[in-house]
Amino acid sequence: MKKVLLFLFSLLFIVSCNTKTAEEKLQEQQNELFKFREHVSQVSDQVISTRESIVIQLTTPVEGWATGKELDANLINLKPSASGKLTALDAQTISFLPEKPLKQDEEYEVIFKLGKVKEVAKDLNEFTFNFKTLAQDFIISTDPVGSYTSDYQYVTGAIKSSDIMELENAKQIVTAKLNGKDLLLKFENSITLGKYFEFKIDSIKRPVEDEKVEISWKGKSIGVNSKGNNTITLPGKNSFSVTDMELVNGDVQYILINFSDPLETSQNLDGMIQIEGVDKMKFESKGNEL
């Protein structure tokens, strides 16, 4: 019975040690930096990208460190383990760049072997600090339906992610269907890595009556627990309507109105649009936008 109680106490102790609050972890890191204040001046932020370098800046230059020089990567250990390249940014700053992106939403411990690069007291041989990687997430946005002609339409949209993403991964998370059939999404291929990707559903043959395009997204393929869908109405040939209206605040404030059909450049718009309290208005049209 005593052995069982001892085991349970040990287990509770281990769990309690691994469930420190964010404030406790921050305080520990501040204490560590204070302890090493004569040797370490700055480290990476507490939350970084999975593709970001880990940086340590010392208070004084180290002999042999020169800008761009590759150093022994064993000077730094990461837990969980990650291999990478250690480079001197200058005589007192080093950067560790992992070979592969780090795990998303993961806490890492960095152990820097300070005693290997300069003479320090025995209890200062290893400097330790922690950071956490960003949790990947994304949002999908779409613009109002655009028209090339009275027969063909298009829809543009974008994926915005919380952390850097590969284009190929971005392509996997969003799809579009019309009447159960897949629609082709075209992406700007010049951007292969980033946090913002634009896409276009091009040359959609305009239906006679209103139909709906279903935009769906699912993040399972990139380790994100997010999914959903949205529908966009394609105005049919038998309807002329306003599909969107937006107040744009910039250097000049204006109202942007999207119509289901392209506007005739020679069309007289006087009296078509009225704003209460405004007598004089200037109109500019392009395609189905006014």
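Mentor: A residue is buried under 20% relative accessible area, exposed over 50% and partly exposed in between (1.4 Å probe, protein chains only). The model here is predicted, so that local features need pLDDT of at least 70 and side-chain atom pairs count only at pLDDT 80 or more, whereas totals for chains, interfaces and linings use all residues. Residues are numbered from 1 along each chain as its sequence is written, and side-chain values use heavy atoms, with hydrogens and water left out.

Trainee: What does arginine 51 count as at its relative accessibility?

Mentor: The side chain of arginine 51 meets that of glutamate 166 in a salt bridge (a side-chain nitrogen of Lys or Arg within 4 Å of a carboxyl oxygen of Asp or Glu). Because its relative accessibility is 28%, arginine 51 counts as partly exposed.

Trainee: Which helix holds glutamate 168 and lysine 171?

Mentor: The side chains of glutamate 168 and lysine 171 also meet in a salt bridge, at 3.6 Å from N to O. Glutamate 168 is partly exposed because its relative accessibility is 47%, and lysine 171 is partly exposed because its relative accessible area is 31%. They are separated by about one helical turn because they lie three residues apart in helix α3 (residues 167-173).

Trainee: Which strand holds aspartate 202, the partner of lysine 186?

Mentor: In this salt bridge the closest N and O atoms of lysine 186 and aspartate 202 are 3.6 Å apart. The pair links distant parts of the chain, 16 residues apart, with lysine 186 in strand β15 (residues 185-187) and aspartate 202 in strand β16 (residues 193-205).

Trainee: Which strand gives the largest share of the nonpolar patch?

Mentor: The patch on the surface is formed by Val242, Met245, Leu247, Ile255, Ile275, Val278 and Met281, with about 570 Å² of accessible area together (Shrake-Rupley method, 1.4 Å probe). Patch residues have over 30% relative accessible area and no salt bridge, with nonpolar side chains joined within 5 Å and like charges within 9 Å. Isoleucine 275 lies in the segment after β20 (254-259). The largest share, three residues, comes from strand β19 (residues 242-248).

Definitions and conventions: Helix = DSSP H or I, 4+ residues; strand = E, 2+ residues; numbered from the N terminus.
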